[in-house]
Amino acid sequence: MALYPLIRPLLFRLPPERAHALTFAAVGLLGPLPGFLRLEQALYRFDHPALHVRVWGRELSNPVGLAAGLDKDGALIEPLLALGFGLVETGTVTPRPQPGNPQPRLFRLPEDRALVNRMGFNNRGVLHLVQRLRRPRRMAGLVGANLGKQRETPLDAADVDYMSCLHAVYPVADYVVVNLSSPNTPGLRSLQAHAALEPLIRELAGQRRKLAETHGRQVPLLVKVAPDLSEAELDAIVQAALDYGVDGLVATNTTVRREGLLSPLARESGGLSGRPLRPLALAAVARLHRVSEGRLPIVGVGGIFSADDAYGFIRAGATLVQLYTGLVYEGPGLVLRIKRGLVRLLARDGFRSVAEAVGTAP
Ligand SMILES: Cc1cc2nc3c(=O)[nH]c(=O)nc-3n(C[C@H](O)[C@H](O)[C@H](O)COP(=O)(O)O)c2cc1C
């Protein structure tokens, strides 16, 4: 029963942020009703042994995740997990609440199957997210927390923001992502340059070691990178990640490039996601996998709209994949379609599991 083709034209008639708020409000109301999650699960459940993934000492039912930014404040974790995601990434959150950029700040580019956003880390602050993450959950799946810096924090003090957020979420997050790649916080992406990155990663990894001792659990620490980095910059990130024991990389965030777009809104400033991002993100994943020689689990994200796309990322070197824009265009059934399709593609090529297929692209 595919409802989304009927609902999408209605949602697409609204300004994008209004459509997002309306969907969140509706699911927020329905979510707590008895039986809602079970109904959702019944509609979207699909489990298959070939999809099971073991990563960071955890067992996931499948490698398909929700990318950061959709549920920044962790408002709908359970209903999102019930769509069948193996992982859901909350955030980006900052130490204190902040409103983000003035609206409009989110644009649909339907001709390109893309979005442009310049949200600017609108969020209710890390402590609010911590409260959400503390709530007991019935749904399985990893829930990550993606961390950023406050807009007004100077770049040379960004480490203080990341450290305070890391402290706050450490006891309640299944994994943590340090977001150095949003184009909508001025200067943030410069933290990916080696001179800034190396001390930041060293400090965060050192702090994580202490937190692991205090809390008796090792929470995986990942870094999220931009698709607009040179190969040399990507290589330096891999080196720093391996040197300091970072557990994985998320590749990629949105791009500031705009080549070959059809939509009249293409010139809006911000980060571009969706179809046009896919080749850039895929190339970054392949590079990171090759240079790290498979020693760093990579979360592939950027323009995944189908099982073929997800499979392409896995074969390029991603252990897990995530999506955001695909969900807007294809609807919530996309997660189920990707999982079914992945099982078929793995079997076609003689792989017994996702793990066997990781990084096998020629
Ligand atoms: C509206 C919007 C808001 C986003 N906010 C965040 C964010 O807060 N933090 C982050 O790391 N990525 C954020 N992203 C980037 C996504 O997590 C993802 O990396 C990117 O959109 C590429 O995936 P996609 O093509 O499947 O959307 C955002 C993307 C969109 C479209």
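This report describes the fold, core, ligand shell and some local backbone features of a predicted model.

## Overall fold

The protein chain contains 13 helices and 13 strands. Its radius of gyration is 19 Å, close to the 21 Å that the globule rule gives for 362 residues, so the chain is as compact as a globular protein of that length. Along the principal axes, the C-alpha trace spans about 50 × 50 × 45 Å.

Of the 362 residues, 50% count as buried. Among contacts between residues at least 6 apart in sequence, 75% join residues at least 24 apart. Gln 239 sits in helix H8 (residues 231-244). This residue is partly exposed, with 15 other C-beta atoms within 10 Å.

## Nonpolar core

The largest nonpolar core has 104 residues. Those with the most contacts inside this core are Val 169, Val 176, Leu 249, Val 285, Ala 310, Ala 318 and Val 321. Helix H9 (residues 278-292) supplies the largest share of the core, 7 residues.

Ala 318 shows what such a position touches. Neighbours within four places in sequence aside, Ala 318 is in contact with Val 285, Ile 298, Val 299, Gly 300, Phe 313 and Val 358. Of these partners, Val 285 is also listed among the core residues with the most contacts.

## Helix H5

Helix H5 (residues 126-134) has three named buried residues: Val 126, Leu 129 and Leu 133. They cover an arc of only 60° around the axis, and therefore lie on the same side of H5. The face turned away from this buried side carries the exposed residues Gln 131 and Arg 134.

The buried residues of H5 pack against two strands and a helix: strand S4 (87-93), strand S7 (142-147) and helix H6 (158-169).

## Ligand shell

There are 27 residues around the ligand, and Ala 67, Gly 69, Ser 273, Tyr 324 and Thr 325 come nearest. Strand S6 (114-117), strand S11 (271-274) and helix H11 (325-330) are the elements that give two or more residues to this shell. By class, the shell has 11 nonpolar, 14 polar and 2 charged residues.

## Backbone features

Two cis peptide bonds can be described here. The bond from Gly 91 to Thr 92 is cis, with omega near 10°, and Thr 92 is placed in strand S4. Strand S4 is also one of the elements against which the buried residues of H5 pack. Another cis bond joins Ala 251 and Thr 252, with omega about 15°. Thr 252 belongs to the loop between strand S10 (248-251) and S11, and S11 is one of the elements giving two or more residues to the ligand shell.

For Trp 56, a residue other than glycine, phi is near 50°. Trp 56 lies in the loop between strand S1 (53-55) and strand S2 (58-60), and is partly exposed, with 17 other C-beta atoms within 10 Å. Phe 121, also not a glycine, has a positive phi of about 55°. Phe 121 is found in the loop between S6 and H5. With 24 C-beta neighbours inside 10 Å, Phe 121 counts as buried.

Conventions: Residues are numbered from 1 along each chain as its sequence is written. This is a predicted model: local features need pLDDT of at least 70, side-chain atom pairs count only at pLDDT 80 or more; totals for chains, interfaces and linings use all residues. A nonpolar core is a set of buried Ala, Val, Leu, Ile, Met, Phe, Trp, Tyr and Cys residues joined through C-beta atoms within 7 Å. A residue is buried if 20 or more other C-beta atoms lie within 10 Å of its own, exposed if 12 or fewer, and partly exposed in between; C-beta atoms are placed from the backbone. Helices (H or I, at least four residues) and strands (E, at least two) are DSSP runs, numbered from the N terminus. Two residues are in contact if their C-beta atoms, placed from the backbone, lie within 7 Å. A residue is near a molecule or strand if its C-beta atom, placed from the backbone, lies within 6 Å of it. Ala, Val, Leu, Ile, Met, Phe, Trp, Tyr, Cys and Pro count as nonpolar, Asp, Glu, Lys and Arg as charged, and the others, Gly among them, as polar. The arc is that of the directions from the helix axis to the C-beta atoms. The radius of gyration is taken over C-alpha atoms; the globule rule is 2.2 Å times the number of residues to the power 0.38.
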